[in-house]
Amino acid sequence: MFKRKKRATPGLDTTSTADISFMLLIFFLVTSSMDTDKGLPRQLPTPEDNTEEQELVVKRRNVMELRLDDGGRLTCDGDSVRGEELTRRIEEFVANTADDPSKPERSEREVHLMGRCRVSDRHVIFIDVSPEATYDDYFQMQNAIVAAYTNLRNTLAQERFQREYKDCNQEQRDAISMVYPQRISERVE
């Protein structure tokens, strides 16, 4: 009698699928925010050709010892400290404005743009960190150190150049860095 023809199911047109996927990918990449990691502003020493190590003798009064143990406990010369207190203690140690005999020696030096100045160029901040210490504790300690040097340099920049350290030109920044150089030594295991 009547025979029905089977109809074929039409195929799905997928030619534009790749284009749409690509456009969505671009859209999400452009509209999403990505956090950028910031590192520590430290300048490593240049590699030297000779492999001889020279021992540097430093007077005890010129050294501040920071220790961070595996429990996150931070000590400064044996006393337990926290971030803001550590910043204050480093500022007092490095500046040594009262010429305290228990704090670092200061020397007279000719500094470009500033003339003859008392310079804090003999201090060393020695850092000893336990390998089991957390990164968060380590970076909080580093931030406290950076904050101390920033405060010292900003104060000097305001006195000498009537502006903050970051707003000074390179020549002025170099002069300020000669007065308060970052002298940090870290134990490597």
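In strand β7, the bridge partner of I127 is E186. This pairing belongs to a predicted model, in which local features need pLDDT of at least 70 and side-chain atom pairs count only at pLDDT 80 or more, while totals for chains, interfaces and linings use all residues. Residues are numbered from 1 along each chain as its sequence is written, and side-chain values use heavy atoms, with hydrogens and water left out.

The two strands β6 and β7 pair in the parallel sense over three bridges. Two strands are said to pair if DSSP finds at least two bridges between them. Strands of a sheet pair through backbone hydrogen bonds, either parallel or antiparallel. Here five strands form an open sheet with mixed pairing, in the order β3-β2-β1-β6-β7. Strands β3 and β7 (184-186) stand at the edges with a single partner strand each, so one side of each has no neighbour in the sheet.

The whole chain has four helices and seven strands. Helices (H or I, at least four residues) and strands (E, at least two) are DSSP runs, numbered from the N terminus. Along the sequence they follow the pattern α-β-β-β-α-β-β-β-α-α-β. Of the contacts in the chain with a separation of 6 or more, 62% are accounted for by residues 24 or more positions apart; contact means heavy atoms within 4.5 Å.

Helix α2 (residues 83-95) has 13 residues, which at 1.5 Å a residue should span 18 Å, and its end C-alpha atoms are 18 Å apart, in agreement. The expected span is 1.5 Å times one less than the number of residues. The buried residues of α2 are L86, T87, R89, I90, F93, V94 and A95. Buried means under 20% relative accessible area, exposed over 50%, and partly exposed in between (1.4 Å probe, protein chains only). What covers these buried residues of α2 includes β1, β2 (74-76), β3 (79-80), β6 (124-129) and α3 (135-161). Over the chain, buried residues make up 31% of the 189 residues.

Just after α2 comes N96, with a positive phi of about 40°. Most residues other than glycine have a negative phi. N96 is not a glycine, and its place is in the loop between α2 and β4. With a relative accessible area of 2%, N96 is buried. D99 lies in the loop between α2 and β4 and has a positive phi of about 50°, although D99 is not a glycine either. D99 counts as partly exposed because its relative accessibility is 40%.

Next come the strands β4 (residues 107-111) and β5 (residues 115-119), which pair in the antiparallel sense over five bridges. E110 stands opposite R116 in β5. The hairpin of β4 and β5 has three residues between the strands, and L113 takes a positive phi near 75° in this hairpin.

The last topic is the surface. The accessible surface of the chain comes to about 14,400 Å², of which 51% belongs to carbon and sulfur atoms; accessible areas come from the Shrake-Rupley method with a 1.4 Å probe, and for residues only the protein chains shown count as cover. F22, L25, I26, L29, V30 and M34 make a nonpolar surface patch of about 640 Å². Patches are made of residues with over 30% relative accessible area and no salt bridge, where like charges are joined within 9 Å and nonpolar side chains (Val, Leu, Ile, Met, Phe, Trp, Tyr) within 5 Å. A salt bridge is a side-chain nitrogen of Lys or Arg within 4 Å of a carboxyl oxygen of Asp or Glu. M34 is found in the loop between α1 (17-31) and β1 (63-68), and M34 counts as exposed because its relative accessibility is 58%.
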